[in-house]
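Okay, thanks for coming, everyone. Let me put the chain up on the screen, and then I'll talk you through how it is put together.

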Amino acid sequence: MTADVSSPADPGRAVSVLLSTKDRAESLAAAVDSVLAQEDISLELIIVDDGSTDHTASVLQRWSGDERVRVFRNAESQGLPAALNRAAAEAQGAFLARIDDDDRWVREDKLALQLAEFDQCPELVLLGTGY
C-alpha cells in the first residue's frame, strides 16, 4: 500500500499518524477508523504490525485499497519503541501524530484543531490532548 500525503491546497501540512499493533485484532478497527475519519486534513496512517500471532493481518486487509494506509510487518516482535521508530522512519508528513491500537479519536476534527494550534503558536514543537 502506498500513500500520497500531499494536498493540492497545502502540501506541507500533511500529518503522518503512527500506530503500532500486536495481537489487538479486536480493537484495531476502531482505532484505524477514527484516524481515517479525520476531516479537512491530509494524512497518511502508518501501521506497524509488531509480530502479531492473532488475526491482526486479516483485519488489516480491510484497508488494503486505501491509499492513506501503509502497513509494515515485523516477523518477530521488536517492542513498541522499535515499532514506532520504524513507523516514524517511513513517515512522509510534515507532522507526526500517534494513536494506540486500542484507542480511538472521538473528534473528527482532532488533527485539524491541533494544526490550527500550531498556526497560532509557531514556537510549539509538541502538542498533546487530554482525551
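Predicted model: local features only at pLDDT ≥ 70, side-chain atom pairs only at ≥ 80, totals over all residues.

Residues are numbered from 1 along each chain as its sequence is written, and side-chain values use heavy atoms, with hydrogens and water left out.

Okay, layout. We've got four helices and four strands, and along the sequence they run β-α-β-α-β-α-β-α. Those are DSSP runs numbered from the N terminus: helices are H or I with at least four residues, strands are E with at least two. The chain has 131 residues, and 42% of them count as buried. Buried here is under 20% relative accessible area, exposed is over 50%, and partly exposed is in between, with a 1.4 Å probe and protein chains only.

Contacts next, meaning heavy atoms within 4.5 Å. If you take contacts with a separation of 6 or more, 76% of them come from residues 24 or more positions apart.

Now the inside. By a nonpolar core I mean a set of buried Ala, Val, Leu, Ile, Met, Phe, Trp, Tyr and Cys residues joined through side-chain atoms within 4.5 Å. The largest one has 23 residues, and those touching the most other members are V17, L19, V32, L45, I47 and L111. At least two residues each come from β1, α1 (25–36), β2, α2 (56–60), β3 and α4, with α1 giving the most, six residues. Take V17: leaving aside neighbours within four places in sequence, its contacts include V35, L45, A97, W105 and L111. There's also a second, separate core of seven residues, including V48, F72, A83 and A87.

Two of those names bring us to helix α3. Which residues of α3 (residues 80–90) are buried? They are A83, L84 and A87. They span an arc of only 95° around the axis, so they sit on the same side of α3; that arc is taken over the directions from the helix axis to the C-beta atoms. As a reminder, an α-helix has 3.6 residues a turn, so residues three or four places apart point the same way. On the other side of α3, P81, N85 and A89 are exposed. The cover over the buried residues includes β1 (15–21), β2 (43–50), β3 (69–74) and β4.

On to the rings. There's one aromatic pair: F95 and F118, tilted, at 5.2 Å centre to centre with 50° between the planes. The rule is that rings of Phe, Tyr and Trp (its six-membered ring) pair if their centres lie within 6.5 Å; planes under 30 degrees apart are stacked, over 60 edge-to-face, and the rest tilted. F95 is in strand β4 (residues 95–98) and F118 in helix α4 (residues 110–120), so the pair ties together parts 23 residues apart in sequence. F118 is buried, at 18% relative accessible area.

Last stop, two loop residues. Most residues other than glycine have a negative phi. D23, in the loop between β1 and α1, has a positive phi of about 55° and is partly exposed at 27%. D40 also has a positive phi of about 55°; D40 lies in the loop between α1 and β2 and is exposed at 76%.
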